[in-house]
Amino acid sequence: MEIQDQGLEIEKGVNPDLVRLSKETGIPLVATNDCHYLHHEDAHAQEVLLCIQTGKTMSDERRMKFQTDQFYFKTAAEMARVFGEIPEALSRTVDIASRCNVKIAPIPNPFPTFAVPEGHTPGSYFEKVSREGFASRVPFLEALAKQGALSHPLSEYERRLSSEIEMIKKMRYEGYFLIVWDFIRYAKAQGVPVGPGRGSAAGSLVSYALRITDVDPLQYNLLFERFLNPERISMPDIDIDFCMRRRGELIEYVTQKYGRENVAQIITFGTMAAKAAVKDVGRAMDLPYADVDRLAKLIPTTLGITLEEALKEAPQLKSAIDNDDKLKDLMAVALRLEGLSRHASTHAAGVVISPQPLTDLVPIYKTSRDEITTQYDMNGLERIGLLKMDFLGLTTLTVLHDAVRMVEQSRGVQIAIDQLPLDDADTYKLFAKGDTTAIFQFESHGMRDILRRYQPTRIEDLTALNALYRPGPIQGGMIDDFINRKHGKTKVTYELPQLQEILQETYGVILYQEQVMQIANGLASFSLGEADILRRAMGKKKKEEMAAQRAKFMTGCQANKISDKKAERIFNLMEEFAGYGFNKSHSCAYALLAYQTAYLKTHYPVEFIAALLTSEAGNSDKTVKYINEARGMSISILPPDVNESDLYFTPVGEAIRFGLAAIKNVGEPTAKAIRETRVAAGEFRSLYDFCERVEPRFLNKRVLESLIKSGALDSLGSRESMTASVDDIVGALQRIARAKDSGQHGLFGGGGAAPEPAHFELRDAPQWSEEERLASEYAMLGFYVSGHPLERHASRLQEMKVVTLGEVEGQRNGKELLVAALIVGTRPMRSKKGARWAIYTIQDMTGVQELLAFPEAFARLEPVLKPGSPLLLKVKIQVEEAGTRLSLQEARRLDQLAEQTQSQEFRVRLEVSAMHETLLDELEDLLGAATGSTPVIFELAYEDGAVVSLASRQMVRVTPELVNAVERATRGPGAQAAD
């Protein structure tokens, strides 16, 4: 019978009776303590943690809390003080503990049974499919050999294949390969896009033969032993990238094949890092947001920094807490909570497949979304030996698949994405220019700068840059040194001639983990398996293990007649670079994927951008960015059109048409109904034809208004007239529905007993301004499609050196700059003192950002901060863990700025390639009808990027009407107006 005493009132009443019951019944007592934290001094931190987990604050009287501070792991002496009168209850606790002897042993056979054909063992069948798979690759390899592009003879492939097969069978991993081969074969048969490979598995020729990967490991000197070798203790990982949309199909396939009880996703635990701990604790302790935010910003942005390290590195941080008791308390609690699990969630990719029901092997957890996961995380599952794999969803594969499909539909060209020529000069030009928006792994501002400096010309270059663009090499100055070596500014030397073959590809720099292995193998006669152990030891930096490896390396070098001095120097270099070293197999596979995306962007830009926009349809930040990218590539984004649109973005000649399903209030069912009606009986000829042919149940007032305002019905009438007539249209639709229900036919009456036709004329309505037209599009689509309110100010913003929102990421913390944007979202906030402030979502033509208007700036500038108005904003950069945000300093309306300066000049920007006589005649008429005192300047933009300003003799009076008229006139393909 268990007895506890944490000082609770109920225990004071219950415990004497428990002692009495024990004596009366003979049931022995055992004393325990309810433990929720380890130490007595953790009680306060535990209270704060409960507030964080339950979303409450310490000032909330109704929050969940413990009534005493005794819920910790007490010592024997402390327990004796509590239960001194019943010492036998304490001795029984020790007796029970001594009888507990739990050992969780690794699972002896972790692989589920893979059924092989009759007459085969798993080993023989594995060898059969591996050799057959390689035979299917041979024609492609032979073609490369004829071109002189194959770096190794086919005989070497045969030797490597046999060697790998034998090693895999020896290590009893043939079942693992068959399982992976099977579900990838299923994926490809179902048309699910699969990545070319990731991780060290790309170094395996067997993986290439089985089409688990599409990277030829011999061509790129990738090592099988980096993936699998006899000295490897843990199970190798074969992680797979799948199309984001269809990843679930593969999880369902393995679930059905191996049993629902044997397959589960894997748990992951979110932990509190330094800044997150400070913010969470500050929120729970109900401290002012501004104070907590300021304190968090004093923590250095060094990756993985701890609060203890931050207090040593940042004197301002220590000073801030020393001078404020509340902040000192906050930091004390944050130091105790830092690193603890904050919440449990489902791993983004991890799946475990067991040979028996998982409930027999591991504890199971059910998420709030009813997903079943293991309670052991990835590391725990690895330690007991269960088969775990990453089924990763990769949007890039979805984009590639959709783009290839669109190219075939629109151009009749079939593209084999895994057989692209890897020496396409135009594709490498795109990389060299840094024109890599939307290119997998090469999109960031920092990477684009490196590309322009490096000038890649081959896959190996992309592989190297993938490996280099990480915090370690960047902070260590490796990238600059690497670029200088490539361009001959730094001389490339080798400590020994034997190193040249290994390091020539990377200009004498040890860049890849595989190179560390090759050096140990070539200089000190390590087997590649032993070299992999050395590589891992260097990565972990364990002193004792490193000392043993150094001695072994030195002995091996001595045997090969390499001087101790040279050997010591080379080992030190290896040790230094091992911290930076990257898995070449992974880098190479992802370089190939980057090349594929760049190839499509180069040669099929319309289809590529259409697929890209479709994949990011739910992400407004990226959609804005990619719409701007399309415009920069002279690809027009057209509003939706019931006579042309599909569900999402689709190519239309050299433009991209917005989809119907993305229109607010329309959705997929209505979009499908419109598309299917059009496909079945041709284009809609009029609004009445549209209303008659589309099922009335799909068309209500909200749907019609959305279609009209988005521009989807422009081909059937004017937006203004249709909007004014929408009630009449709805009435007609209702009559159609009643007529159909009663068996009568025809839109506005049919034959026989049908009512008279209910024909009506669309009402007259005044024409909308440009601002109204764009605002209605934005309201329905969430984006400015056929134009942008900032376009008319483009020339002046350029002169003022305004920074685009797309360029904000990567700016240094605290920097002040000018941006021009529109407010598209507002979150009203209140400080602890009750002061009003707000978080605004702002957008320009390149992206979306959060703008913080703190109480002082908010109170001063609130009248200016109106949604939809183009604003010129002075902001300060705030770099945070979650990303970069902007803090508002000043704000002015751009149209007011234009009014103040428009007496200086009126600028009209024209694309020279789009100029024609009709446009010039129209401009002459418009400007001639607006005589005034403002000089006109034409900006002539050439295709090579040059812009020439040309003064006109014409003087005009600038009005909003003139600006709108000139904008409409110049809104041809490639033409753009700027006042």
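Predicted model: local features only at pLDDT ≥ 70, side-chain atom pairs only at ≥ 80, totals over all residues.

Reader: Which residue forms a salt bridge with Glu127, and how far apart along the sequence are the two?

Author: The partner of Glu127 is Lys169, with the closest N and O atoms 2.8 Å apart. Glu127 belongs to helix α5 and Lys169 to helix α6 (residues 154-170), so the pair ties together parts whose separation in sequence is 42 residues.

Reader: Where do Lys874 and Glu816, which form a salt bridge, lie in the chain?

Author: The closest N and O atoms of Lys874 and Glu816 are 3.6 Å apart, and a salt bridge requires a distance within 4 Å. The pair links distant parts of the chain, 58 residues apart: Lys874 is in strand β15 (residues 871-880) and Glu816 in strand β12 (residues 816-830).

Reader: Is Asp280 buried or exposed?

Author: Asp280 is located in helix α10 (residues 274-284). Beyond its neighbours within four places in sequence, Asp280 contacts Ile52, Met272 and Arg342. Because its relative accessibility is 6% and the buried class covers values under 20%, Asp280 counts as buried.

Reader: Is Asn101 buried or exposed?

Author: Asn101 sits in the loop between α4 (87-99) and α5 (122-146). Its relative accessible area is 70%, and the exposed class covers values over 50%; therefore Asn101 is exposed.

Terms used. Residues numbered from 1 in each chain as written. Heavy atoms only, no water. Helix = DSSP H or I, 4+ residues; strand = E, 2+ residues; numbered from the N terminus. Buried < 20%, exposed > 50% of the residue type's maximum accessible area, 1.4 Å probe, protein only. Contact = heavy atoms within 4.5 Å. Salt bridge = Lys/Arg side-chain N within 4 Å of Asp/Glu carboxyl O.
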